[in-house]
Amino acid sequence: MDAEQLKRLENKDTAYIADILSEFNTKNANLLVFDSFHANNQWYALWLAIFGILDDATLAALHTQCLNTVRILTRDEFSLETHFIEPDVNTLLSLARLDGSGDDQDLDLSQLAEPQAAIMTETLKCLCNLVYQNEQCRRQCLRQHALDAVVKRLGNVSTMHSYPSTLEYHDMKLLFLLTALDPSARTRLQIDLNGMTYMTKWLDDKLTDGTTTTTTSTTTTCFTDEQLNTIIELLKVMFTVTSTPDKSPNESEIQSLHLTGVLRELLLRFGSLATERERAVVTHAINLLTNITSSCLVELTVKCSNAETEAEQPTAETETDVPQPAEGAEAAAAASAAPAPVAQSTLKCCAQCYERRNVRGLGVLLDFLRAGLNQKDTQASSAELLSPVLTVLVKCARSDRVMRHYLRQEILPPLKDVSQRPEIGNELRNHLCRFLTLPAMILRDLSAELLFVLCKEDVGRMIKYTGYGNAAGLFAKRGVLDCRRIETTEYSSDSEDSDTEEYKQQQQSFNPVLGCVEQPKRNPLEGMSEEQKEYEALQLVNLLDKLHQDGIVQPALIDKDGKAQPVGHILQLRDGLPQQQLDQKRKS
């Protein structure tokens with residue numbers, strides 16, 4: 001921008017402002033390096049000229065273009081740090097109706113004129129850049145109660161259906177940046193403003209905002225990309241707030257129960273993973289579930305509405321079921337004429353009924369896991385994508401018996417074909433067994449934890465499904481390398497491990513180290529003389545000693561705690577062998 005154009009902006013020459021700004025915005029739409037603007041203080045001169053126009057209410061028609069220019073200038077972190085812009089930030093807060101002045105108390109956002117909505121949206125974009133780039137601007141927004149204004153606006157529009165979608169999206173974007181970058185904002189949102197209650201209610205309302213299409217056989221609800229993007233931003237805000245819960249355990253659990261129920265509906269709504277945006281919604285919902293208390297995850301399953309009447313007698317095994325309405329209310333609801341969408345939901349419920357519980361929410365988590373496993377991504381992105389869903393599955397398996405049974409049925413079904421190693425194949429068990437030997441610690445540990453919990457922390461059962469070799473790392477960490485049984489009361493005493501006939505027929509040939517039936521091999525010592533055998537044995541000892549001397553391997557004994565303890569020399573293994581054999585006989 002030359003000096004003459006800048007002078008016209010400073011003088012508010014209305015005949016030229018629109019053309020000058022249009023040219024500048026088009027030319028610098030993707031500008032990220034502002035070195036040329038630092039000469040002669042051009043950045044700050046342009047900044048002051050633009051805000052001179054924004055402060056003039058008679059030039060409101062030019063404000064959208066001015067704000068577009070401001071949005072470009074806010075990318076320059078250096079200039080934001082070196083110039084005093086506090087009054088200008090206040091101007092932006094006022095234009096976005098977030099200054100807490102009270103002038104917008106009765107503002108009906110559903111009746112907002114399009115030019116005014118465009119100005120507010122562009123202003124929010126500028127504020128998002130400022131909050132992200134500059135700590136002082138972030139603090140100023142909080143001092144001016146911008147956080148309070150966004151939450152209040154969120155509460156006021158929770159029942160509106162004509163709230164401008166771009167405006168609500170950038171409201172959520174600003175709320176996310178404030179809470180993600182400032183811990184005090186998270187505390188204020190959760191404690192003082194009771195923001196989680198507002199956001200949970202708003203998320204619940206958004207699930208009904210889609211366009212519903214009903215045919216003779218199905219009822220579907222479609223969401224626009226703008227609606228999905230707004231839901232994603234809200235889920236990100238809720239994730240940051242729940243990452244460091246500041247409420248008392250009782251208050252947090254009550255909110256978590258309600259939130260988990262809403263997230264279950266969200267998983268059911270977008271569980272088909274039909275589009276990239278729907279997959280993103282489910283991804284962020286799973287991220288949020290990782291912050292939910294384990295005891296609240298039982299809300300991911302509900303009592304199946306079409307469960308057989310005779311199966312609904314209470315038993316000790318169903319004490320962890322979610323509380324349900326009285327039978328009279330259910331009978332009345334079943335007897336009444338239900339509209340088409342409810343009838344369709346009931347049919348889906350029956351299709352996902354397991355032990356009288358609707359486990360469709362868990363089914364969505366497993367579908368998401370399968371989709372992630374089938375992606376050919378890099379190892380780092382795989383860990384980022386899969387670790388949250390594995391975390392949620394571990395918490396589900398630990399928290400509820402029915403959920404553990406269902407996950408075990410899907411991940412570790414009864415063995416039939418044991419001719420191949422457990423890490424070979426494309427089933428969930430095969431993928432997780434491959435993760436057990438990964439160098440990536442997060443995926444390795446989560447996969448091992450999930451498989452071990454599904455085996456009810458029974459070492460013998462874990463060996464059966466994964467092989468001792470794959471699970472050795474977990475056993476060493478848990479101190480069960482000697483295959484001792486872990487004493488725990490966390491799991492029910494009933495046995496849920498039924499061997500198939502196919503497995504029993506091959507059990508005698510089953511190699512527990514490999515986790516499969518090992519095919520007969522020719523004896524490598526066959527045909528050798530005693531001298532040759534002795535020579536090969538000495539060669540083996542020498543090779544093992546060389547590996548030991550080079551620090552590649554470390555001989556170890558299993559101590560009384562079931563953990564490996566290094567020994568000074570390889571021959572010490574022979575000294576402890578009789579005692580180990582005796583201990584093993586006692587255990588067996």
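Figure 1. Over residues 309–349, pLDDT stays under 50, pLDDT being the predictor's confidence in each residue, from 0 to 100. For this stretch the model has 30 contacts beyond four places in sequence, a contact meaning heavy atoms within 4.5 Å. Helix 16 (residues 327–335) has the lowest mean pLDDT among the elements of the chain, at 40, while helix 4 (residues 63–73) has the highest, at 96. Helices here are DSSP runs of H or I with at least four residues, strands are runs of E with at least two, and both are numbered from the N terminus. Where pLDDT is low, the predicted coordinates should not be read in detail. For the chain, the mean pLDDT is 82, and 80% of the residues reach 70 or more.

This is a predicted model, with residues numbered from 1 along each chain as its sequence is written. Local features need pLDDT of at least 70 and side-chain atom pairs count only at pLDDT 80 or more, whereas totals for chains, interfaces and linings use all residues, and side-chain values use heavy atoms, with hydrogens and water left out.

Figure 2. Stepping back briefly, the chain has 28 helices and 9 strands. Of its 588 residues, 44% are buried, where buried means under 20% relative accessible area, exposed over 50%, and partly exposed in between (1.4 Å probe, protein chains only). The largest nonpolar core holds 146 residues, and Trp47, Leu98, Leu127 and Met199 have the most contacts inside it. Such a core is a set of buried Ala, Val, Leu, Ile, Met, Phe, Trp, Tyr and Cys residues joined through side-chain atoms within 4.5 Å. Helix 19 (residues 379–399) supplies the largest share of this core, 10 residues. Zoom in on Trp47 and, leaving aside neighbours within four places in sequence, its contacts are Val70, Leu73, Thr74, Leu80, Ile85, Asp88 and Leu130.

**Figure 3. Ser79 and its polar partner.** Ser79 sits in helix 5 (residues 77–82) and, at 1% relative accessibility, counts as buried. Its side chain makes a polar contact of 2.4 Å with the side chain of Asp76. A polar contact is a pair of N or O atoms within 3.5 Å; within protein, one must be able to donate a hydrogen and the other to accept it, and residues adjacent in sequence count only if both atoms are side-chain atoms. Not counting residues up to four places away in sequence, Ser79 also touches His38 and Trp43.

**Figure 4. Gln133 in helix 7.** Gln133 belongs to helix 7 (residues 114–133). A polar atom of the Gln133 side chain lies 3.3 Å from the backbone oxygen of Arg75. Beyond four places in sequence, Gln133 touches Thr74, Arg75, Glu77, Leu80 and Glu81.

**Figure 5. Helix 1, from start to finish.** At the start of helix 1 (residues 3–10), a side-chain oxygen of Asp2 comes to within 3.3 Å of the backbone nitrogen of Glu4. Gln5, Leu6 and Leu9 are the buried ones to look for in helix 1. They cover an arc of only 100° around the axis, so they end up on the same side of helix 1; the arc is that of the directions from the helix axis to the C-beta atoms. The buried residues of helix 1 pack against helix 2 (14–27) and helix 3 (42–54). Just after helix 1 comes Lys12, with a positive phi of about 55°.

Figure 6. In helix 11 (residues 183–192), the buried residues are Ala185, Arg186, Leu189 and Gln190. Their arc around the axis is only 120°, which puts them on the same side of helix 11. They pack against helix 8 (135–143), helix 9 (146–156), helix 10 (165–181), helix 12 (195–206) and helix 13 (225–243). Turned away from that buried side, the other face carries the exposed residues Pro183 and Asp192. Asn194, which follows helix 11, has a positive phi near 50°.

**Figure 7. Two arginines with positive phi.** Arg97 is not a glycine, yet has a positive phi of about 60°. Its place is the loop between helix 6 (86–95) and helix 7, and at 24% relative accessibility Arg97 counts as partly exposed. Arg356, also not a glycine, has a positive phi of about 65°. Look for Arg356 in the loop between strand 4 (353–354) and strand 5 (357–358); with a relative accessible area of 25%, Arg356 is partly exposed.
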